[in-house]
Amino acid sequence: MAERLRADLVLEYPFTRTTGPVIGAFLTGLREGIILGIRRPDGTVLCPPTEYDPETSEPLTELVEVGPQGELESWTWVDPPRSQSPWDQPHGLGLIRLDGADTPMIHGLLVDHPGELFSGMRVVAQWRSERGGHIADLEGFSPQESPGTGQ
Amino acid sequence: MRDIAVVSVAQHQQKALTDTTEVELMVPLINRARGAVGLTQDDIGFTCSGSSDFLAGQAFSFVHTLDAVGAVPPISESHVEMDGAWALYEAWVKLQIGGVDIALVYSYGKSSPGSLRDVLSTQLDPYYLGPLWPDAFSLAALQARLMLESGTVSEQRLAEIAVRSLNGAADNPLAVRSSAGATIDSVLAEAPIADPLRPSDCAASADGGAAVVLAAGDRARELCERPAWIKGIDHRIDPHQPGVRDLTRAPSARKAAAQAGAGDDRLDAAELAAPFSTQEHILEVELGLGPHTPVNASGGALAGHTMMAAGLMRIADAAQQIHDGRADRVLSHAASGLYLQQNLVCVMEGE
Amino acid sequence: MSADPSVPPAALSGEVRMPEKLADVEPVRSVRTPIRLEYDFVPGEASAGYLNAFADRKILGQRSPVDGAVLVPPRGVDPRHGAATPEYVELPDTGHVGGFCVTRLPIPGRDDLEIPYVSAWIHLDGADIGFLGLVAGIATSEVRMGMRVRAVWKPDEQLGRTAENILYWAPTGEPDIPVTAAGTNAWHAKQAAKEQG
C-alpha cells in the first residue's frame, strides 16, 4: 500500500485588536511598568480589570494601581514550554492575587524548578526591558526575596 | 410544551481518524440514525449541527459536512460553533415552536490533525490570557490544585473517578482508553502530566461524531418503541474571566440542573461530559447526584473525549439506556469553555 | 446603568479614571495578538484514492448509487442525497470547457502563471459535473464554452500523487460541443429529461 498522504496546513491570524478604554488602560499600565485593577461599586478590585461588573454588568471605570507583589493561590509546572507562549524555558503557571486586588490573574512563574513553588508564597512582578503594551510586557512573577520590601 | 423525544442515535469514536474526512465519518452515522427509524432526509423538518472550524482548520467547515446530509432539495438547516448538545437544544426549541415534527441533530470533531491542548488556547480572552498560550492541561491543573488544597476534593476521590472511567470503559467499544485492571493505587502511581493532574485525570482525546433524531408527540411513538422523552433541558453560563469565579464550583451547572428538574425524582444514570476528573467531581456535587446514581458507567468523556461531540454523545448514551429499557430516568450533561464555564443539562424519561 | 438609551455606557464613552501617574501618557489603543495553528492534514479515503491514482496518470470519479451520476473529484458521498459512493469510475483525460474565466491578476505563489490566464470548469467525458482546471495553449480570446480539451501531463518521471500532475488543459481541435449541451446545461437537460420520463 502506498504511503499515507499528508500535507502541512498552517493557519495564521495576524490580528491587531482594538482594546477599548479599560483593557487599553491595563496595557498602558503594563507598558509603563504598573499593574492596574478596576474597582467595583462594592469597593473590591478586579485584576486583570474587566469592562463590566461580572455580577451586575454595570460599567466599571475606576482604575487603581495594584501589586507589584502578591500571593500565589495555585500553580502548575509547564515543561516543555508551549511553542507560542512568551516563555522558552520550563516555567510555572500560576493564579496570582496581587496586593490591593481581590481576584487572581493567570501568568507565568519564573523559577528553575517546581520545587520552589508553593501556594501562599509571596511573588513579585518581573518586567521586560522593552515594553509595548502587551500582557507579555510582564515577564512573569518570581519569588519575593524578603517579604514586604519587594524589588 | 410539546412532548419531544430522542428516538434514534448513532455514534462513532476512535483515537484518530487518519483515513476519513468529517464527511466520510458522518455519512454512515447520519444514515444509520435516520435509517434505524425508517426515515430519509425528506422526512426531516429541521437539521442542526455542531462543530468547530478551529479543529478542521477551515472557515465555515460545516458547509462541507452537509454533503453527508443531502441538501437537495434545499433543507431547513442551522449550525452552532458549539458541542452538538447545543445543536440539539436549538432543534428542541424549533420543535417546541411547532410546524416541524422531526429533527436531525449531529456533531463531530476531528482534532487529531492539530494539537487540541494548544488549539483550545484560542478560546481564551485574546488580551489577558490568549497571548500567554496556557495549554488546556496546565489551566485545569491550577483548578485541581485549588480544589485539593482547599479540601474540595481529595487525591483519593480523583483517583476513584479515574478508575471508575477506566474500568467502566473496558466493555465500551467507543472508548479510546480503558483498563479493566486499573486500581486507585495504579492511578496514584502515575507521574503527573500537569502537576497535580495525572494522565488518567485528563480525558483521552478522540475523533468522532454522533447523530440523533428527535421527534415530537405521536410521531415519536410511531418511530420508537420506547422514546427517550426530554422532560427538562436548560443551559447556563458563568463569566469568562477565571479570576472572577470560584474555580472549585460551577454555579451554571447547578442552575441548569435545577431548571431541567434533575432533582425532582430518582435518576437511574448520569452521563457527564467533563474533560477532567476534577470537573467530573464538581459536576457530581453541583448536579446533586447521590450515591445511588451510576455516573458515566461506560467510561464517559474521560474514556474518550471528542471535542464538539462529547456532550451530544452523552445525550445519545443516556437516551440509548431508555431505548433499551435499562433505565427509566436519566440525566446527561454537556460543557464548553474554560473551567466548565457553560453547562447544559438534559433530563430524559421513558414511559 | 443609564436609563437614557442615547447615552452610551461609560466603558464605551471612554471616560475611565486613571491613577495620577498615568494621566499624561499616550494610551494603548490596540494590541497585536497573532495566532498560528499548524495541522497535519490528511485526506479521506475518496481523496486519497483520487490522488494516488494521479500518480498513474489516472483520473478517478465516483458513481452515485442513487441515479448513476459520475462525480469528480470523488468525495465519498453524493452530496445531493447524503449517500455513500463506494464505486470508483476511471475517467478519460478528455472533455470540454463548461465555463471559464479570464483573470488578469496574479495569484500569490504562482509566479509560473502567465497573465492573463484562463481557469475553467472542465467537464470530462463520462462525468456529470465539472472540476476546476487551467486552460492554455490557445489565445485567451479564443477560449469558448463547449471547446474540446485534453489534459497536458507532466513528464512521467515528474508524476506524483497530486492533481498538479496536469499542467493544463489544451484544445484538441475537435468540433465544439453545442453550448446547449455544454457544462451544467447538459446536467440540467439530463435532470429535466429524468423528471419528465
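How many residues of chain C are in contact with how many residues of chain B? The legends below begin with that interface.

The model is predicted: local features need pLDDT of at least 70, side-chain atom pairs count only at pLDDT 80 or more, and totals for chains, interfaces and linings use all residues. Residues are numbered from 1 along each chain as its sequence is written, while chains are lettered from A and ligands numbered from 1 in the order in which they are written.

**View 1. The side of chain C that touches chain B.** Here 21 residues of chain C are in contact with 25 residues of chain B, a contact being two residues whose C-beta atoms, placed from the backbone, lie within 7 Å. Two or more residues each come from strand E2 (35-41) and helix H2 (45-54) of chain C; E2(C) gives the most, with six residues. Helices (H or I, at least four residues) and strands (E, at least two) are DSSP runs, numbered from the N terminus. By class, this side of chain C comprises 11 nonpolar, five polar and five charged residues, where Ala, Val, Leu, Ile, Met, Phe, Trp, Tyr, Cys and Pro count as nonpolar, Asp, Glu, Lys and Arg as charged, and the others, Gly among them, as polar.

**View 2. The fold of chain C.** Chain C has three helices and 12 strands. Its C-alpha trace spans about 80 × 45 × 35 Å along the principal axes. The radius of gyration of chain C is 26 Å, whereas a compact globule of 197 residues would have one near 16 Å; the value is taken over C-alpha atoms, and the globule rule is 2.2 Å times the number of residues to the power 0.38.

**View 3. The largest nonpolar core.** Of its 176 residues, Val105(B), Ala210(B), Val212(B) and Leu214(B) touch the most other members. Such a core is a set of buried Ala, Val, Leu, Ile, Met, Phe, Trp, Tyr and Cys residues joined through C-beta atoms within 7 Å, and a residue is buried if 20 or more other C-beta atoms lie within 10 Å of its own. Leaving aside neighbours within four places in sequence, Leu214(B) is in contact with residues including Ile4(B), Val6(B), Trp92(B) and Val105(B).

**View 4. Packing of H4(B) with H12(B).** Helices H4 (residues 84-97) and H12 (residues 310-323) of chain B pack at an angle of about 65°, with their axes 5 Å apart. Axes are lines fitted to C-alpha atoms, for helices over the stretch in contact, and angles run from 0 to 180 degrees between N-to-C directions. Gly84(B), Ala85(B) and Leu88(B) of H4(B) meet Gly311(B), Leu312(B) and Ile315(B) of H12(B).

Definitions and conventions: Buried ≥ 20, exposed ≤ 12 C-beta atoms within 10 Å, placed from the backbone.
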